[in-house]
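Thank you all for coming. I would like to take a few minutes on one model, and I will ask you to keep the structure in view while I talk.

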Amino acid sequence: MSLSDHPRAYGTAAVALAFISGVLVTLGLKDLYPDLEQRFRQRPRARAPRGAADARRRSSLFWGPVELEDREDSDGVAVPGAFIPRDEGVSDGIEGCIGRTPLIRIHSLSEATGRTILAKAEFLNGAGNSPKDRVALNMIQAAEEAGILVPNRGDTIYEGTVGSTGISIAALARAKGYRAHICMPDDQSLEKSDLLHHLGATVERVPVQPITSPEHFVNLARRRAKEHTESGADSSVGFFADQFESPFNFQAHMRTTGPEIYAQTSGKLDAFVAGAGTGGTISGVAKYLKEVAKLTKLKVVLADPQGSGLYNKIRHGVMYSSTEKEGTRRRQQVDSIVEGVGINRVTENLEEGRDLIDTAVRVTDAQACKMARWLVEHDGIFCGSSSAVNCTAAVVAALDLPKGSTVVTILCDSGTRHLSKFWKKIAESGLEDEPKPDDLLTLLDIKKPR
């Protein structure tokens, strides 16, 4: 069962959306920001779609245009459509540790480019230690408001994930009285599935399959949720979170990550750079910054690893990667050592913000490995593979801007989740034994601007 399949889900939400308090609960912001008052106003434009296909096709018909009030943050910075509250010293449970992450200046990248490169430290979110905490919390709270999930009834949250969303769901499920069942491809790092086990989740590592296969990890999770609900063994239900297509994904970033970045930069940024797995982060942040905050000159840049088709989709309108050529494909998914970003289809979450993405940067595995090692050597930042892709693309994007420009990107998760695969590759390549590099652009084989 997912939100789009539940007979009461959209009817309940439609009523709740008539009231500001209902919106706050439905969108998962009441607990995340407990002292918000009348932050968002939202009116439905049409009746809620009843079927899963209709919901996925036109989720925007249900949510309608978002009317947001301008507020000031704790330092007096005007933030269109949001109010970033001051920390009160005591957080309400683990969910109170989600959001309001620091925005840090990466000194070495800024000095190498002559531009200010800032990174949102999303690995400091308190439940699953990644930006997926925001998404997981929002999806769970929406399902609770719709009456699908009931704490301590034996309900189980099912999700297909390469790791990070599953970890966030597993941690929050424990805290909120649910079980978690995670399906993931068997080519992902073992640290992720080990952590999921320690968090009490049931984990199925399955062979890599194309999305058209019923055995693809996402399709398997959907089927497991349906089987749970239809079993009738007890009153519990199986809830399929559906992170790739759920509108509660991009909306979490539109209503929290985007406003936080705006407040932390005082609205003074020239580019936002992020990768796309589900597409929720780049779409949600882009929609807030461009549509709500009206930063019309902002450049939104997709960071895409090798083997992903999104680079060509954004740059040329065609979903294609050179690894798709006959006789060259080594994997059913994106042919890269990078985990968490890169995909060969357009999800509903990416579609929500695709028209707001200005360009894309392709990052090779070699560049990602070298960037990860550079960040350790120069900044003490021990990051995962997707963060290394983001930072490499941020450097490329920065060099296309005038000196003194400001670029914001995302540090997704820690390198501790990538020891057996990504960081093992870095060690095997000899990067850890080489002298400390001092020329970033030469190291990454990036052309210096004229």
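Predicted model: local features only at pLDDT ≥ 70, side-chain atom pairs only at ≥ 80, totals over all residues.

Just after the helix, Gly 177 adopts a positive phi of about 90 degrees.

Which residue does Lys 176 pair with in a salt bridge? The partner is Glu 144, with the closest N and O atoms 3.6 Å apart, and because Lys 176 lies in α7 and Glu 144 in α6, the pair ties together parts that are 32 residues apart in sequence. Lys 176 is buried, at 14% relative accessible area, whereas Glu 144 counts as partly exposed at 23%.

The count of salt bridges comes to 18. Among them, Arg 224 meets Glu 204 at 2.8 Å between the closest N and O atoms, and this pair links helix α9 with strand β9. Glu 215 and Arg 223 form another, at 3.2 Å, and a network of salt bridges joins Glu 204, Glu 215, Arg 223, Arg 224 and Glu 227.

Turning to the cysteines, the count of disulfides is zero. The sulfur of Cys 412 is 8.8 Å from the closest cysteine sulfur, that of Cys 391, which is too far for a bond. Cys 412 is buried, with a relative accessible area of 14%, and Cys 183 is buried at 0%.

Key
Residues numbered from 1 in each chain as written. Heavy atoms only, no water. Helix = DSSP H or I, 4+ residues; strand = E, 2+ residues; numbered from the N terminus. Disulfide = S-S within 2.5 Å. Buried < 20%, exposed > 50% of the residue type's maximum accessible area, 1.4 Å probe, protein only. Salt bridge = Lys/Arg side-chain N within 4 Å of Asp/Glu carboxyl O.
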